Amino acid sequence: MYVRNHIVTVSFIGTQLPIQMGGDYVVIPILLCYLYRTCQLTLVDSIDVDGNLTMDEENTTILRPKSFDFPWRANIKNEGSGIISHYAMWHTKPGKFYGLRAEMSIWASPNQENSQESGASLQIYCPDGGNYNLIEAGFHISPSLYRNKDIRFFTYWTKDLKSRGCYNLQCPGFVSASGANLVPGQAIVPPSMYGKQDYYVRLSLNQDPNSEDWVVYRHDLEKPSLLGHFPKKLCPGTPRIQALTGFVNYLKNAHGPPMGSGHFPDHYDHDNKKSAYFKHIRYYNPNGHSYNPFGVPMVKLVDRLDCYRANDFVLDYKRGYMFNYGGPSGCVG
């Protein structure tokens, strides 16, 4: 769906239907979506490095915000050489957001080098004294941090997006719950198998309406399992930005690792067995209840389209709001 002067274009497998937003008409695209396999129902903006709207040759959007810097990682050793970070994500504009939930696919990276990190996470960016703090939870492969190539659950936070930050339980920050099903740094299996089977974990990161701490839950078990929380002081203010992010980090004198499955997502076919995904994406309100993100303006950020990609944020009748992302190894610079 692309917005043009309050007229919404909903795409169904090659067919576009213009629909007027407002009043009772907003229900029309919702009903139509469930008659088709996949449709697009997301308000999308795109901004280039100078803050101008832009489109690439596939009519997908690329964003490099002018006044908002995404954080780098500091766990890779030999930092004197410099660290390069790349992202394939969808994120909200700043607003009153209270968390998000999604099913995140699990992919191995057996050939990843010690100087590389790749992963995916749920992220919350919170204003604090004129800067943004970051809290996040997800899964990554980081041989430098763990001395092996296992896929591991991780948490991370950093203040003002420029400080070193802290993984897992390395410093005061994330607090693990007693008897948690997953603890930061714990390996998780099995990985997805390309073209055969996809495996996922459903995570949420949202503000508890009572304590105001930011709680992390796992939802793909028999009942939701509390994994722990970030204290409210780490994410104190609004407006917030929340993001669903695939990322890689590597030393400047090395090359980029694979992101997700190591394959680009198809622009039209959201094949979960061939590319990494976030699916069944939901947001949280201040009362701790989840809701579908229909009508929430979203922005795509893909900073190196030649290396990594993300396809459209769509509503699928079986998989809810979702998108795929990823790319192969070999990115330089």
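Let me begin with a term: two strands are said to pair when DSSP finds at least two bridges between them. Please keep in mind that this is a predicted model.

With that in hand, look at strand β8, residues 116-128, which pairs with strand β9, residues 131-141, in the antiparallel sense over 11 bridges, and where S121 has G138 of β9 as its bridge partner. The two strands form a hairpin with 2 residues between them, and G129 in that turn has a positive phi of about 65 degrees. β8 also pairs with strand β16, residues 241-251, again antiparallel, over 10 bridges, and there L122 is partnered by L244. Strand β8 is mostly covered, with 11 of its 13 residues buried.

Now to the cysteines: how many disulfides does a search of the whole structure find? It finds 3. One joins C126 to C235, with an S to S distance of 1.5 Å, and because C126 lies in β8 while C235 sits in the loop between β15 and β16, the pair ties together parts that are 109 residues apart in sequence. The torsion about this S-S bond is about -60 degrees, so the disulfide is left-handed, whereas for C307 and C331 the torsion is about 75 degrees, so that disulfide is right-handed.

Terms used. Residues are numbered from 1 along each chain as its sequence is written. This is a predicted model: local features need pLDDT of at least 70, side-chain atom pairs count only at pLDDT 80 or more; totals for chains, interfaces and linings use all residues. Side-chain values use heavy atoms; hydrogens and water are left out. Buried means under 20% relative accessible area, exposed over 50%, partly exposed in between (1.4 Å probe, protein chains only). Helices (H or I, at least four residues) and strands (E, at least two) are DSSP runs, numbered from the N terminus. A disulfide is a pair of cysteine sulfur atoms within 2.5 Å.
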